[in-house]
Amino acid sequence: MSGASGEAFRPLTIGPLRLRNRFIKAATNEGMAKKGLVSKGLALFHERTAEGGAAMSTVAYCATSRDGRTFVDQVTLDRDSVADFRALTDGVHRHGAAACAQITHAGSFTFLDQAQLQARRPLSSSGGFNKVGMLSGRWFKKRMTRDEIAAMTDEFVAAARTAREGGFDAVELHMGHGYLLSQFVSPVYNKRRDDYGGTIAKRMRFPVETLARVLDAVGKDMAVVVKYSMTDGVGRGNRIEDGVEIARILERAGAHMAVLSNGLNVESITAMFGSSFPKANRASNPNPIIRLGMWLQSLTEPRHVEFHENYLRDLALRVRGATAMPLAYLGGIQSIEGVDQAMADGFDAVAMGRILIHDPGIINQWTAGGAHKSGCTACNRCVSMMYLPSGTHCILTGPQDAALNQTAAGA
């Protein structure tokens with residue numbers, strides 16, 4: 001164990017859940033749920049993370065409904081998925097780790113075509129032109145009514161209950177990166193002038209109502225975590241002062257922990273990943289619509305942003321200083337020294353993505369006192385691998401068998 005206290009290796013309690021250490025596999029779209037199937041490949045991906053020493057592995061993008069997906073190849077928390085989710089969580093539990101379901105709805109950030117999306121217009125905080133929909137023929141989005149907001153809260157509650165039935169130990173409500181809840185939080189998307197728009201408190205109303213209902217429904221049995229963006233990463237969006245206030249609001253609402261992320265998928269992806277995306281990411285995408293979207297995105301993104309370890313530290317420290325709520329630091333940890341820094345800064349856990357895609361066993365290596373620095377180069381090539389048959393993987397260490405993504409986890 002590294003560090004004076006070995007704090008990262010000590011157990012952590014989040015709500016009703018006790019974790020064996022402070023290492024959490026962050027949600028990273030796996031691309032292993034082809035046509036929405038909870039596959040053996042997806043289950044094995046998370047089991048390997050648990051076997052490698054993480055205390056909890058987060059299954060990315062579990063949609064509240066089929067209309068809530070961004071892509072076809074994403075899972076939905078519904079009755080048909082319970083048995084396969086149970087097989088996935090059983091695999092994680094075999095190695096003494098916990099499983100977390102990230103619950104999400106895309107809102108207007110969807111690439112589902114006319115045959116896949118039942119709604120005539122995707123839902124969002126505000127209506128009008130839908131820039132993401134340019135690529136999928138969904139040119140306009142619909143401003144949600146109060147009845148639709150209430151119905152969507154019911155969707156999140158139902159999804160959380162399904163996650164519990166599927167064996168998950170925690171749920172993570174995704175309030176960042178430009179998905180539906182974030183579309184209410186962020187002034188980039190939210191132009192409302194009613195009780196759900198305007199001040200940060202009003203923009204947080206729907207997300208907080210959703211959090212409260214989920215806590216009431218499952219909070220005694222499961223950890224209820226929130227992931228959000230500390231800033232939107234663009235001038236017209238939330239700044240760190242807003243991100244601090246969001247944390248305070250979440251603390252008052254009773255969230256068991258917050259995962260501190262950053263940026264928006266469309267407007268500021270480098271703010272999220274801490275480094276520029278290589279041109280090879282666009283070239284390797286087999287979907288011409290997504291490839292075009294990546295190219296358009298590259299026109300407005302800052303260029304030559306160089307990665308450095310713990311790149312969100314300064315922002316996260318602002319949040320840490322303003323709340324006593326448990327916080328998970330997320331953002332570029334590459335070494336045990338980076339972990340020690342996060343622990344010394346007072347964060348309760350570390351959430352890691354790319355480093356565990358590169359080597360899911362690195363936490364066991366750290367526990368044994370070896371491999372202080374990861375071989376992950378933060379090249380961001382793993383992000384575009386999700387569109388390939390094999391799903392998300394590191395180009396340095398290679399993919400899982402793509403055939404595993406075609407078979408149900410419980411088969």
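Reply: Happy to! We can start with Lys-25, which is found in strand β3 (residues 23–25); strands (E, at least two residues) and helices (H or I, at least four) are DSSP runs, numbered from the N terminus. Before we go on, please note that this is a predicted model, where local features need pLDDT of at least 70 and side-chain atom pairs count only at pLDDT 80 or more, while totals for chains, interfaces and linings use all residues. Residues are numbered from 1 along each chain as its sequence is written, and side-chain values use heavy atoms, with hydrogens and water left out.

Me: How far apart in space are Lys-25 and Met-56, C-alpha to C-alpha?

Reply: Along the sequence, 31 residues separate Lys-25 and Met-56. Met-56 is also one of the residues that Lys-25 touches, and others include Phe-45, Thr-49 and Leu-356, not counting residues up to four places away in sequence; a contact means heavy atoms within 4.5 Å. From C-alpha to C-alpha, the distance between Lys-25 and Met-56 is 6.1 Å.

Me: Which strand holds Leu-19?

Reply: Leu-19 counts as buried, at 2% relative accessibility. Among the residues Leu-19 touches are Pro-11, Ile-24, Met-56 and Ala-98, leaving aside residues up to four places away in sequence. The strand with Leu-19 in it, covering residues 17–19, is β2.

Me: Why is strand β10 described as largely enclosed by the rest of the structure?

Reply: Look at both faces of β10: Ala-170, Glu-172 and His-174 sit on one side, Val-171 and Leu-173 on the other, and all are buried. Strand β10 (residues 170–174) is largely enclosed because the number of its five residues that are buried is five.

Me: Which residue in β10 is the bridge partner of Ile-103?

Reply: Strands of a sheet pair through backbone hydrogen bonds, either parallel or antiparallel. Here two strands count as a pair if DSSP finds at least two bridges between them. Strand β6 (residues 98–104) and β10 run parallel and are joined by four bridges. Within β10, the partner of Ile-103 is Leu-173.

Me: What stands opposite Leu-173 in β11?

Reply: Strand β10 is also joined to strand β11 (residues 223–229), with five bridges, and these two run parallel. In β11, the residue opposite Leu-173 is Val-226.

Me: What is the phi of Asn-380?

Reply: Asn-380 lies in the loop between α14 (362–367) and α15 (381–385). At 1% relative accessibility, Asn-380 counts as buried. Its phi is positive although Asn-380 is not a glycine, with a value of about 70°.

Me: And what is the phi of Asn-310?

Reply: Asn-310 is in the loop between α10 (288–300) and α11 (313–320). Asn-310 counts as buried too, at 9% relative accessibility. Asn-310 is not a glycine, yet its phi is positive, at about 55°.

Me: Stepping back, what share of the residues in the protein chain is buried?

Reply: The protein chain has 15 helices and 14 strands. Its C-alpha atoms fill a box of roughly 55 × 45 × 45 Å, taken along the principal axes. Of the 411 residues in the protein chain, the buried ones make up 60%.

Conventions
Buried means under 20% relative accessible area, exposed over 50%, partly exposed in between (1.4 Å probe, protein chains only).
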